[in-house]
Amino acid sequence: QVQLVESGGGLVQAGGSLRLSCAASGRSCSWYGMGWFRQAPGKEREFVAAVSASGGNKVYADSVKGRFTISRDNVKNTVYLQMNSLRPEDTAVYFCAADINPAYSYYASRVLHEYDYWGQGTQVTVSS
C-alpha cells in the first residue's frame, strides 16, 4: 500500500506561484512513475504533469507547459509541482498519483487509469 498526501495548495492572485508537495509513505516510490492531475468543478479530472521513476523523463499538459515544473526527491519520497504564472483557469483540486507498474523506467504516463494510488487532493484557487 502507498499513501499519498498532498500539501501546498491555497489562494493566490493571478501571476503568482505555488509549490505543491506530495509525500508518499508505506513504500518507497523510487520505482514508480508519479503524476499530477487536477479537477475543476463540473469538469473531469485531467492530466497536468508526470515524471518517470528515473526522474529523467517529464511530460506536461500543453496548458501548463513552460509554467509548471514537476520534480521528485526519491530520498525524501516526495514529488513536487512548482506552479508559476498561475491563471484563474488553473483553479482546481490537484491530485498526486503513483503508477506502480510503469512500462519502463523512463515511462511517464499521461493516462489517468494507469495510476494505481491517489492522494486526497489539495485545493488551488487563483483569483483574477
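**Exercise 1.** How many aromatic pairs does the structure hold? Then find the aromatic cluster and the charge that sits over rings.

*Solution.* The model is predicted.
- Step 1: Count the pairs. There are five aromatic pairs.
- Step 2: Look for a cluster. Phe-37, Phe-47, Tyr-115 and Trp-118 form one.
- Step 3: Turn to Arg-45. Its charged end sits over the ring of Trp-118, 5.0 Å from the centre. The cut-off for such a charge is 6 Å from the ring centre.
- Step 4: Check Phe-95. Arg-45 lies over the face of Phe-95 too, at 3.6 Å from the ring centre.

**Exercise 2.** Describe the largest nonpolar core, then list what Met-83 touches.

*Solution.* 
- Step 1: Size the core. It has 36 residues.
- Step 2: Pick the residues with the most contacts inside the core. These are Met-34, Trp-36, Leu-81, Met-83 and Tyr-94.
- Step 3: Trace the strands. Those that each supply at least two core residues include strand 4 (33-39), strand 8 (78-83) and strand 9 (92-99).
- Step 4: Take Met-83, leaving aside neighbours within four places in sequence. Met-83 is in contact with Gly-16, Ser-17, Leu-18, Leu-20, Arg-67, Phe-68, Tyr-94 and Val-124.

**Exercise 3.** In what order do the four strands of the open sheet run, and which are the edge strands?

*Solution.* 
- Step 1: Read the order. It is 1-3-8-7, with antiparallel pairing.
- Step 2: Name the edges. Strand 1 (3-7) and strand 7 each pair on one side only.
- Step 3: Zoom in on one pairing. Strand 1 and strand 3 are joined over five bridges. Gln-3 has Ser-25 of strand 3 as its bridge partner.

Methods:
Residues are numbered from 1 along each chain as its sequence is written. This is a predicted model: local features need pLDDT of at least 70, side-chain atom pairs count only at pLDDT 80 or more; totals for chains, interfaces and linings use all residues. Side-chain values use heavy atoms; hydrogens and water are left out. Rings of Phe, Tyr and Trp (its six-membered ring) pair if their centres lie within 6.5 Å; planes under 30 degrees apart count as stacked, over 60 as edge-to-face and the rest as tilted. A charge sits over a ring if NZ of Lys or CZ of Arg is within 6 Å of the ring centre and within 35 degrees of the ring normal. A nonpolar core is a set of buried Ala, Val, Leu, Ile, Met, Phe, Trp, Tyr and Cys residues joined through side-chain atoms within 4.5 Å. Buried means under 20% relative accessible area, exposed over 50%, partly exposed in between (1.4 Å probe, protein chains only). Contact means heavy atoms within 4.5 Å. Two strands pair if DSSP finds at least two bridges between them.
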